[in-house]
Amino acid sequence: MSLRSVFTLLGPFLALIVIYSIFGAMRPVMFSSDVMLSVLTQTVIVATAAIGMTLIIISGGIDLSVGSIIAFACVVAATLITKGYPPVAVFAATIGFGALCGLFNGSLTVGLKLLPFIVTLGTMQIFRGGAKVYSHGSPVNLPFDVTVYKAWMGGKGLPYGVWMMIGLVVLFTVILRYTRFGRYVFAVGSNENTATLCGVNVPKVKLLVYTIGGAMAGLAAMMNVAKSSQGDPTTAMGLELDVIAAVVIGGASLSGGEGSVLGALIGALLMTTIRTGCVLRGIPTPWTEIITGAIIVIAVIIDRLRHRTAA
């Protein structure tokens, strides 16, 4: 890892420590194990989706439809659960459904050579509308006797979802840093033409990246169902902004070619910490949104300043 990458990663990490300490100084309950566990658990959904988004942004793309994919996948998962399918089948089908949505995004972007911003802006509406049509506009509630999913986002000790989130961060860090596919993702995001001249199959890499992003959204949907015990077609409204913000705050560049899944995790933790701290301080929701939005803008400004300095 280069010295610049270390500084890029340490910046968000130091910001997380400073902000957590500030809220902790104002409300010492922030340092309690219960609140720390709550922050970790609340981060799972955004962080899981942000892992896939990190790969997409590093490759130079973006996916505005991730929140709608999660909503559609939530409805699909809840429906399968109500029909009595076993958890393994539900997990596999939901992740697979998310992957298909991501593949659809990637196919339109690569096949028609369209801007991913425009493509996913359209599919955001398609997937959200599809979720409402599929569920007839109503949430699909899990049966009361189905409790096997609760341990993923609740219960005693560290929920399964937190362990899964940590495991995925380690797995995708290894993939991005030490595999040929990971090097190809960075190469495509840095310069597509150069990557093509070097023999990289750019369309194939982009398709894989969007498919993985969709699969991670499907997994995030499973965590959402485990947390809420329902598949709501209106859930995750605006979540795509949180996911993209977590990735950018974590040091990824919207210009592509730069970023890390560990940084995305830190970005997601930072946002959850701010929201939790604001709630404990009794700060009204509108002000919490203003503070979170200001941090996103600052992260983007820092990203632009870094690139101007590098140029």
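This is a predicted model: local features need pLDDT of at least 70, side-chain atom pairs count only at pLDDT 80 or more; totals for chains, interfaces and linings use all residues.
The expected span of a helix is 1.5 Å times one less than its number of residues.

**View 1. Helix α11, end to end.** Helix α11 covers residues 261–280. Most of the helix is covered: 16 of the 20 residues are buried.

View 2. S260 caps the N-terminal end of the helix. One of its side-chain oxygens lies 2.9 Å from the backbone nitrogen of G263. After the helix comes G282. The phi of G282 is positive, near 75°.

View 3. T273 sits in helix α11. Is T273 buried or exposed? Its relative accessibility is 0%, and buried means under 20%, so T273 counts as buried. Leaving aside neighbours within four places in sequence, T273 is in contact with L16, I19, Y20, F23, M30 and V39. M30 is 243 residues away along the chain from T273. Even so, the C-alpha atoms of T273 and M30 are separated by 9.0 Å.

**View 4. Spans annotated as transmembrane.** The unreviewed UniProt entry places the feature "transmembrane region" at residues 6–23, 35–58, 64–81, 88–108, 160–178, 207–223, 243–271 and 283–302. Residues 88–108 are 100% helix and 0% strand. Their end C-alpha atoms lie 30 Å apart. Residues 160–178 are likewise 100% helix and 0% strand. For residues 160–178, the distance between end C-alpha atoms is 27 Å.

**View 5. The whole chain, for orientation.** The protein has 12 helices and 2 strands. Along the sequence they follow the pattern α-α-α-α-α-β-α-α-α-α-β-α-α-α. The C-alpha atoms fill a box of roughly 55 × 50 × 35 Å along the principal axes. A compact globule of 311 residues would have a radius of gyration near 19 Å; the protein has 19 Å, so the two agree.

**View 6. Packing and surface.** Buried residues make up 50% of the 311 in the protein. Take the contacts between residues at least 6 apart in sequence: 79% of them join residues at least 24 apart. The accessible surface comes to about 14500 Å². Carbon and sulfur atoms account for 70% of that surface.

Notes:
Residues are numbered from 1 along each chain as its sequence is written. Side-chain values use heavy atoms; hydrogens and water are left out. Helices (H or I, at least four residues) and strands (E, at least two) are DSSP runs, numbered from the N terminus. Buried means under 20% relative accessible area, exposed over 50%, partly exposed in between (1.4 Å probe, protein chains only). A polar contact is a pair of N or O atoms within 3.5 Å; within protein, one must be able to donate a hydrogen and the other to accept it, and residues adjacent in sequence count only if both atoms are side-chain atoms. UniProt positions are given in the numbering used here, feature names are shortened, and annotations may be inferred rather than shown by experiment. The radius of gyration is taken over C-alpha atoms; the globule rule is 2.2 Å times the number of residues to the power 0.38. Contact means heavy atoms within 4.5 Å. Accessible areas come from the Shrake-Rupley method with a 1.4 Å probe; for residues, only the protein chains shown count as cover.
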